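Me: Please take a close look at one part of this model, the pairing of charged side chains. Which ones pair, and where do they sit?

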Amino acid sequence: QVFGLPAVVAINRFVSDTDAELQMIRDACGRFGVRVALSEVWAKGGAGGEELAREVLRIIQEGRKDFRFAYESSLPLAEKIGAIAQKVYGAEGVDFAPAAAKELQRLTELGYGDLPVCMAKTQYSLSDDAAKLGAPSGFRITVRKVKVSAGAGFVVALTGDIMTMPGLPKVPAAENIDVDENGRITGLF
């Protein structure tokens with residue numbers, strides 16, 4: 001809703017999910033006016049994704065075009081990070097480690113201040129603390145480090161105990177994986 005776009009919550013159903021759990025999700029989403037569609041791709045393959053696909057197509061055909069960013073591109077980097085933290089994650093604010101604050105200033109001086117921001121944080125919580133599961137309240141996000149991804153065209157704000165994906169070597173291990181005529185897989189480890 002922050003971005004002005006309609007959304008569909010995909011309930012990724014597993015065989016162990018109960019009807020009561022599914023209804024709880026539907027009810028919670030209904031209170032916020034958010035559409036819900038069941039996705040049973042795990043158990044039924046492509047056929048299990050038809051309800052979700054139909055709902056997404058329905059929203060597209062409605063043609064709402066109210067998209068907006070969470071922040072104005074002209075804002076300083078620290079304010080962009082603050083807007084994401086507050087509007088998207090529900091944080092009360094942002095604290096910057098001294099090294100992060102210094103790097104934000106340096107990146108701005110180098111001409112990267114107008115770039116958009118990508119947040120790197122735990123997937124377990126809207127906070128930067130993986131132990132605070134889900135959507136806690138009354139938290140602040142700490143940005144411990146920032147870096148520029150100049151080629152991609154954005155600044156990355158690293159929060160909490162997060163590790164970004166490492167780059168691949170010249171010859172990735174995947175090139176050594178094979179399946180023989182008997183279905184035996186080799187080269188995994």
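Reply: Start with Arg 26 and Glu 51, whose side chains meet in a salt bridge at 3.9 Å, N to O. This pair connects distant parts of the chain, 25 residues apart: Arg 26 belongs to helix H1 and Glu 51 to helix H3, residues 50–62. The model is a predicted one, in which local features need pLDDT of at least 70 and side-chain atom pairs count only at pLDDT 80 or more, while totals for chains, interfaces and linings use all residues. Residues are numbered from 1 along each chain as its sequence is written, and side-chain values use heavy atoms, with hydrogens and water left out.

Some terms first. A salt bridge is a side-chain nitrogen of Lys or Arg within 4 Å of a carboxyl oxygen of Asp or Glu. Helices (H or I, at least four residues) and strands (E, at least two) are DSSP runs, numbered from the N terminus. Buried means under 20% relative accessible area, exposed over 50%, and partly exposed in between (1.4 Å probe, protein chains only).

Arg 26 counts as partly exposed because its relative accessibility is 30%. Glu 51, at 32%, is partly exposed as well.

The count of salt bridges comes to 12. Another of them joins Glu 40 and Arg 13, at 3.9 Å, N to O. Here too the pair links distant parts of the chain, 27 residues apart, with Glu 40 in the loop between strand E2 (35–39) and helix H2 (41–44), and Arg 13 in the loop between E1 and helix H1 (19–31). Glu 40 counts as buried because its relative accessibility is 18%.

Asp 180 and Arg 184 also meet in a salt bridge, at 3.5 Å, N to O. Asp 180 is partly exposed, at 25%, and Arg 184 is exposed, at 52%. Elsewhere, salt bridges that share partners join Arg 13, Asp 19, Glu 40 and Lys 44 into one network.

Side chains of opposite charge can pair when their charged atoms come close. Lys 121 is a case without such a pair: this residue is buried yet has no salt bridge, and the nearest side chain of opposite charge, Asp 128, is 8.1 Å away. For charge, Lys and Arg count as positive and Asp and Glu as negative, with His and the chain ends not counted. Lys 121 lies in the loop between strand E4 (117–120) and strand E5 (140–149). Its side chain reaches the backbone oxygen of Ser 125 at 2.4 Å and the backbone oxygen of Ser 127 at 3.5 Å.

Technical notes:
A polar contact is a pair of N or O atoms within 3.5 Å; within protein, one must be able to donate a hydrogen and the other to accept it, and residues adjacent in sequence count only if both atoms are side-chain atoms.
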